[in-house]
Amino acid sequence: MENTLKNIKDYTVDELAAWFVAQNEKPFRAKQVFNWLYQKKVESFSEMLNMSKALRHKMGQHFFISRLKRYQQIHAQDGTIKYVFELQDQQRIESVLMTHRDHYTVCVSSQVGCAMGCDFCMTAQMGLIRNLAPGEVIDQILEIWKDLPENEGIRNVVFMGMGEPFHNYQNIISTLKIMLADVGFNFSSRRITISTSGLVPQIVRFGQEEVKANLAISLNGVNDQIRSQLMPINKAYDLQKLITGCQTYPLESRKRITFEYILIKELTDAIEDAKQLIKLLHGLKFKINLIPYNESPGSKYKRPSPDQIQAFQRYLLNHGVTATLRISKGQDIQGACGQLIQSSL
Ligand code: SAH
Ligand code: SF4
């Protein structure tokens, strides 16, 4: 018998099926486990009643079922809830539940901290502490799900919490496989969005994966000078490389790449920048998500005035560009974009 138990939530259906086969069991057992874990949302093997006692015992000797510890929960005025979860090694991550008119969206973390060092982002200040395992991402969804009214569920998941998802590539691919499995959560790939700071090799690779999700790219600057100042990753993968990577990215019909663009006062918010933005993205199938900069205590950048924000958006719209404005939720609880940082810091 092994002495280190494995978290069963780190496993995709196929990986779990292989384990059952190795135990001389039928592979369909994996689907049953997925149904228990992600449909019925049980938290112990003893509840998996269509498995024999012997099999449940065997599973318990090899696997454990993880659970996140709730460390802190902060409610914003707009209904958004920021969760601080504690992992098994006492590291903390944050997730955000956003309530929309007819659905719920959860924003998950993919790493503890982040290595990318973006100048405007609070998470960057932590540096990278470690990657999250698939089960640790899945657990954010499961734990928050418990707080929803009965018969309601999480419809959308965005990978926009702490961390750079494509810097934890394999684990995020496994996480997507687990989320999309029809015998489990059965999420729609149209309802999942991965946001990346622009790791070009991973963008290209992701385009070739069987698992799909919407792709969002944090652009934030319209030329290399400004983008490198804000995002050090631009020194490795500059705008030309990024745009070339996007050009090769396969998109299903009617699908577009989302470019996130932070509006920072007197840095990225000029109408001239809007003009450059359109020029830069010309030829791509894209839409723009404008994020007015969320200030944190002591932050060196400022949010533009509402008039300036509107003028920027209007310029894009008037030039036929789809441009949405992300009114960040949960600002009063430091739960908005880029404000996720461990409370201890
Ligand atoms: N690491 C990934 C996903 C997490 S960040 C990425 O960078 O894309 C999610 C989004 O929040 C990114 O688009 C980022 O540019 C934005 N963001 C970070 N800090 C922000 C801040 N202070 N105000 C507004 N948006 C911010
Ligand atoms: Fe990391 Fe994204 Fe923050 Fe940049 S914006 S430091 S990539 S979490």
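## Basis of the description

The structure is a predicted model. Every value quoted here is computed from that predicted model.

## Packing of helices H6 and H9

Helix H6 spans residues 200–207 and helix H9 spans residues 239–247. Their axes come within 9 Å and cross at roughly 0°. Angles under 35 degrees count as roughly parallel, and H6 and H9 are therefore roughly parallel to each other.

On the H6 side, the contact is made by Val200, Ile203 and Val204. H9 contributes Lys241, Leu242 and Gly245 to the contact. By residue class, the contact of H6 with H9 comprises four nonpolar residues, one polar residue and one charged residue.

## Buried polar and charged side chains

Ser95 belongs to strand S5, which covers residues 92–99. Its relative accessibility is 0%, so Ser95 counts as buried. The side chain of Ser95 is joined to that of Gln140 by a polar contact of 2.8 Å. Beyond its neighbours within four places in sequence, Ser95 is in contact with Ile81, Lys82, Tyr83, Phe85, Cys107, Gln140 and Ile144.

Lys9 is located in the loop between strand S1 (6–7) and helix H1 (13–22). With a relative accessible area of 4%, Lys9 is buried. When neighbours within four places in sequence are left aside, the contacts of Lys9 include Leu37, Tyr38, Ile65, Ser66 and Pro134. Gly135, Ile138, Asp139, Leu142 and Ile178 are also in contact with Lys9.

## Asn214 in strand S11

Strand S11, residues 214–218, contains Asn214. The relative accessible area of Asn214 is 18%. Since buried means under 20%, Asn214 is classed as buried. The side chain of Asn214 forms a polar contact of 3.5 Å with the side chain of Thr193.

Apart from residues up to four places away in sequence, Asn214 touches Ser189, Arg190, Arg191, Ile192, Thr193, Ile194 and Lys255. Asn214 and Lys235 are 21 residues apart along the chain, and their C-alpha atoms are separated by 25 Å.

## Met179 in helix H5

Met179 lies in helix H5. At 0% relative accessibility, this methionine counts as buried. Between Met179 and Ser195, which are 16 residues apart in sequence, the C-alpha to C-alpha distance is 17 Å.

## Loop residues with positive phi

Most residues other than glycine have a negative phi. Lys41 has a positive phi of about 60° although it is not a glycine. Lys41 is placed in the loop between helix H2 (28–39) and helix H3 (53–62), and is partly exposed, with a relative accessible area of 26%. A polar atom of the Lys41 side chain lies 3.3 Å from the backbone oxygen of Tyr38. The backbone oxygen of Gln39 lies 3.5 Å from a polar atom of the Lys41 side chain. Not counting residues up to four places away in sequence, Lys41 touches Asn35, Trp36, Leu142, Trp145 and Phe185. Lys41 and Trp145 are 104 residues apart in sequence, with a C-alpha to C-alpha separation of 9.5 Å.

Asn186 likewise has a positive phi of about 60° without being a glycine. The loop between helix H5 (169–180) and strand S10 (192–196) holds Asn186. Asn186 is partly exposed, with a relative accessible area of 44%.

## Surroundings of ligand 2

The shell around ligand 2 includes Cys114, Met116, Gly117, Cys118, Phe120, Cys121 and Ala124. Gly163, Glu164 and Ser197 also belong to the surroundings of ligand 2. In terms of residue class, this shell divides into six nonpolar, three polar and one charged.

Terms used. Residues numbered from 1 in each chain as written. Chains lettered and ligands numbered in written order. Predicted model: local features only at pLDDT ≥ 70, side-chain atom pairs only at ≥ 80, totals over all residues. Heavy atoms only, no water. Axes fitted to C-alpha atoms, helices over the stretch in contact; angles between N-to-C directions. Helix = DSSP H or I, 4+ residues; strand = E, 2+ residues; numbered from the N terminus. Parallel < 35°, antiparallel > 145°, perpendicular 65-115°, else oblique. Contact = heavy atoms within 4.5 Å. Nonpolar A, V, L, I, M, F, W, Y, C, P; charged D, E, K, R; others polar. Buried < 20%, exposed > 50% of the residue type's maximum accessible area, 1.4 Å probe, protein only. Polar contact = N/O pair within 3.5 Å; in protein donor to acceptor, adjacent residues only side chain to side chain. Near = heavy atom within 4 Å.
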